[in-house]
Amino acid sequence: MMKNLLPALALGLSSISSMAALATPAHADDKKSVQLHVRGSIVNFGETTLKVKMREGETVDVALSDGWKLASVANAKVTDIKPGDFVGIASMPKESGGDGALEVLIFPPAMKGAGEGSYGWDLKPDSSMTNATVADAVKGVDGRTVTVTYHGKEKKIAIPDGTPVVTIAPATNDDLVPGAVVFIAAEKGAAAPIAHQVIVGKNGVVPPM
């Protein structure tokens, strides 16, 4: 999957490689800015504003910063995950122990290391986001369980059947149509959330993070 996508990704790689903040959870001790996750569908796209109906039902105006970046997501498969890949996995504790994935993002090589670590996440209550490298072949991909490493730590995450698995793909402003699903890691602004990056769903694939 990644090999098939690389020729297309090369066209927008310089923009996509700067999308790291979209998958970088905010540190609890980061006093510089407050990160807000905007998940919902586009109501309207203007030159400097994206109006989004959030999944909770509220409609918000998101200010687009100067030089803001845009990308989409494309479907991938669990079998596309290889040792050495850098992935972002949202997961939750399982009743039987360990973590179970809610979604998996396979990063392009240019984004390796983006937001490395494991953090609290707000996809669902008690969920976390782990951005890490898939371990070696001996204890890396084993059936539907992946072992990842970050900052010298190791974590095993089960990937249940039906878990969305995606990778970053190019997008253009023409994809920002009413009804398209977006995920935005925005900065809290005085009047409105400020977006430096936007991930939009296209071709029937929605951002699962």
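Predicted model: local features only at pLDDT ≥ 70, side-chain atom pairs only at ≥ 80, totals over all residues.

Mentor: Residues are numbered from 1 along each chain as its sequence is written, and side-chain values use heavy atoms, with hydrogens and water left out.

Trainee: How many salt bridges does the count come to?
Mentor: A salt bridge is a side-chain nitrogen of Lys or Arg within 4 Å of a carboxyl oxygen of Asp or Glu. One of them joins the side chains of Arg-55 and Glu-56, at 3.3 Å from N to O. By this rule, the number of salt bridges is 7.

Trainee: How many residues apart in sequence are the parts that Arg-144 and Asp-161 tie together?
Mentor: Arg-144 and Asp-161 form a salt bridge whose closest N and O atoms are 3.1 Å apart. Arg-144 belongs to the loop between strand 8 (141-142) and strand 9 (145-150), while Asp-161 belongs to the loop between strand 10 (153-158) and strand 11 (165-169). Strands here are DSSP runs (E, at least two residues), numbered from the N terminus. The pair therefore ties together parts separated in sequence by 17 residues.

Trainee: Is Asp-175 buried or exposed?
Mentor: The side chain of Asp-175 meets that of Lys-202 in a salt bridge of 3.5 Å, N to O. Asp-175 is in the loop between strand 11 and strand 12 (181-187), and Lys-202 is in the segment after strand 13 (194-200), 27 residues apart. Buried means under 20% relative accessible area, exposed over 50%, and partly exposed in between (1.4 Å probe, protein chains only). Because its relative accessibility is 18%, Asp-175 counts as buried.

Trainee: Why is the pair of Phe-45 and Trp-68 classed as it is?
Mentor: A search of the whole structure finds 3 aromatic pairs. Rings of Phe, Tyr and Trp (its six-membered ring) pair if their centres lie within 6.5 Å; planes under 30 degrees apart count as stacked, over 60 as edge-to-face and the rest as tilted. The centres of the Phe-45 and Trp-68 rings are 6.2 Å apart with the planes at 70 degrees, so the pair is edge-to-face.

Trainee: In which strand does Trp-68 lie?
Mentor: Phe-45 lies in strand 1 (residues 35-45), and the pair ties together parts 23 residues apart in sequence. Phe-45 counts as partly exposed at 25% relative accessibility, whereas Trp-68 counts as buried at 17%. Trp-68 lies in strand 3 (residues 59-75).

Trainee: Which residue of strand 13 is the bridge partner of Leu-70?
Mentor: Two strands pair if DSSP finds at least two bridges between them. Strand 3 and strand 13 pair in the parallel sense over 6 bridges, and 5 of the 7 residues of strand 13 are buried. The partner of Leu-70 in strand 13 is Val-198.

Trainee: How many residues lie between strand 12 and strand 13 in their hairpin?
Mentor: These two strands run antiparallel and are joined by 3 bridges. Glu-187 has Ile-194 as its bridge partner in strand 13. In the hairpin of strand 12 and strand 13, the number of residues between them is 6.

Technical notes:
Helix = DSSP H or I, 4+ residues; strand = E, 2+ residues; numbered from the N terminus.
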